[in-house]
Amino acid sequence: MALSVFDLFSVGIGPSSSHTVGPMRAAATFAERLRDEGLLDRVERVHAQLFGSLGATGHGHGSDKAVLLGLTGERPETCDPRAVESQLARMRADKRLAVLGEREIRFDEATDLVMHRRRTLPLHPNGMTFTASDGAGQVLSERTYYSVGGGFVVGGDADGGTKIVEDTTPVAHPFRTGDELLALCAAEGKSIARIMLENELSWRTEAQVRQGLLDIWAVMKECVANGIANEGVLPGGLRVRRRAPELARRLSLEAASVDPLRGMDWITLYALAVNEENASGGRVVTAPTNGAAGIIPAVLHYYCDFVPGADDDGVVRFLLTAGAIGVIYKETASISGAEVGCQGEVGSACSMAAGAMAAVLGGTPRQVENAAEIGMEHNLGLTCDPVGGLVQIPCIERNAIASVKAISAARTALRGDGSHVVSLDKVVKTMRETGADMKVKYKETARGGLAVNVIEC
């Protein structure tokens, strides 16, 4: 399967790529299929069932809202977060929704949207089934989808048989592993960013790739700005106060500070701002997931603000390099917290950011691979344990700490010559195996770890 950097970095809404973005895309895809098959005019009822992690933490992650919005035709990349609550309020008050904005049906969440907290489907913890019926109760269509992390959705039929449609577009330099990527760089005499760029040319022109990545960067910057500007308490009941606005004010007042570690505080600010926006349902870039969305923007901000000579070319190289590392995780392991724990989300993002930072600081491909390996190695075993099922505690701070860790990993790798004992591929394999061994309660079900040891007030 060919993966593009734009598969790993896409615009969506919070708080979760697997639990919000994925279900919205799945619901919209189901609705569009009804129209494409000529069934929409006969639909009188749509029944949605969410299984596994989606059922266990769906309310906290906004999965219920995502399903309603998706059925109406909303897509995460174009949905206006500011209009979401009013749309939902109307649908819930009327107990009606317009499928794709065309076919109005009765929809009562109490009976038509079922969260199965203890039942799972066979292929992945994040499974969902949609059923459309006519006025006589006859089933017109039934489809199963799996949200496999990072907003990616794959299809299955109702009995769980996989029907994954892969992108078979040929690319100039196919790779799945770190060793394969390094071999390509050595054989071609090219950087990781250049290898990734030449693969991207299978879908877009070089000018389109560059502009697309700069557009992604613009959304990341806007998200940071919004996170700094928006005050208050995050939704969901934990009463978590937004910290980015106050931290930004304090750092601005300390402009003359000579503290050599002050840059770390700015990295923390950038990450907090993004993840507080994500937790509030704002517009973010999945990088590669929403739960880890603050790490790559924070490190990229640090590059632009603190590295002499930083420019748009560097931003493009950064995102291409991060994307190439993300391909390895997506192809050979997982970026889904429900599947492998938070090591697959924060760990992968930290690794991607570390490698990308090493690249824009002048690192060789081997130093970049070393940085990426360090970034993941010290996130191995990280559980996904959101308190209250919300992407707030420990998720927001976890992004800030991982952002600092990514820069440290890059600097450590650049102090060496790229040779090291543990390869990126070995650490990715270890992450995958650790995730398989991890108890389900530590994988985004909110039934283990901090999720059960923090008293909710």
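## Annotated domains

UniProt, in an unreviewed entry, places the feature "domain: Serine dehydratase-like alpha subunit" at residues 188-451. In this predicted model, the chain over residues 188-451 is 62% helix and 2% strand. The end C-alpha atoms of residues 188-451 are 48 Å apart.

The feature "domain: Serine dehydratase beta chain", also from an unreviewed entry, is listed by UniProt at residues 4-155. The span of residues 4-155 is 38% helix and 28% strand, and its end C-alpha atoms lie 20 Å apart.

## Strand pairing

Strand β1 covers residues 10-13 and is buried on both faces, with S10 and G12 on one side and V11 and I13 on the other. β1 runs antiparallel to strand β9 (residues 283-286), and four bridges join the two. V11 has V285 as its bridge partner in β9.

Strands β3 (residues 96-99) and β4 (residues 103-106) are also antiparallel, with four bridges between them. R96 is bridged to R106 in β4. Three residues separate the strands of this hairpin, and L100 has a positive phi near 55 degrees.

## Salt bridges

The model holds 26 salt bridges. One of them joins the side chains of D108 and K95, at 3.7 Å from N to O. D108 sits in the loop between β4 and α6 (109-112) and K95 in the loop between α5 (84-94) and β3, so the pair ties together parts that are 13 residues apart in sequence. D108 counts as buried because its relative accessibility is 17%, while K95, at 35%, is partly exposed.

A salt bridge also forms between D313 and R210, whose closest N and O atoms are 2.5 Å apart. This pair links distant parts of the chain, with D313 in helix α13 and R210 in helix α9 (residues 206-229), 103 residues apart. D313 is partly exposed at 38% relative accessibility, and R210 is partly exposed at 32%.

Within helix α10 (residues 244-253), E246 and R249 are three residues apart, which means about one helical turn separates them. Their side chains meet in a salt bridge of 3.0 Å, N to O. E246 has a relative accessibility of 35% and counts as partly exposed; R249, at 40%, is partly exposed. Elsewhere, a network of salt bridges links E188, K190, R194, E198 and E206.

## T332 in helix α13

T332 belongs to helix α13 (residues 312-332). Its relative accessibility is 18%, so T332 counts as buried. A polar atom of the T332 side chain lies 2.6 Å from the backbone oxygen of I328. Beyond its neighbours within four places in sequence, T332 is in contact with R176, T177, V428 and R432.

Conventions. Residues numbered from 1 in each chain as written. Predicted model: local features only at pLDDT ≥ 70, side-chain atom pairs only at ≥ 80, totals over all residues. Heavy atoms only, no water. Pairing = 2+ DSSP bridges. Buried < 20%, exposed > 50% of the residue type's maximum accessible area, 1.4 Å probe, protein only. UniProt positions renumbered as here; feature names shortened; annotations may be inferred. Polar contact = N/O pair within 3.5 Å; in protein donor to acceptor, adjacent residues only side chain to side chain. Contact = heavy atoms within 4.5 Å. Salt bridge = Lys/Arg side-chain N within 4 Å of Asp/Glu carboxyl O.
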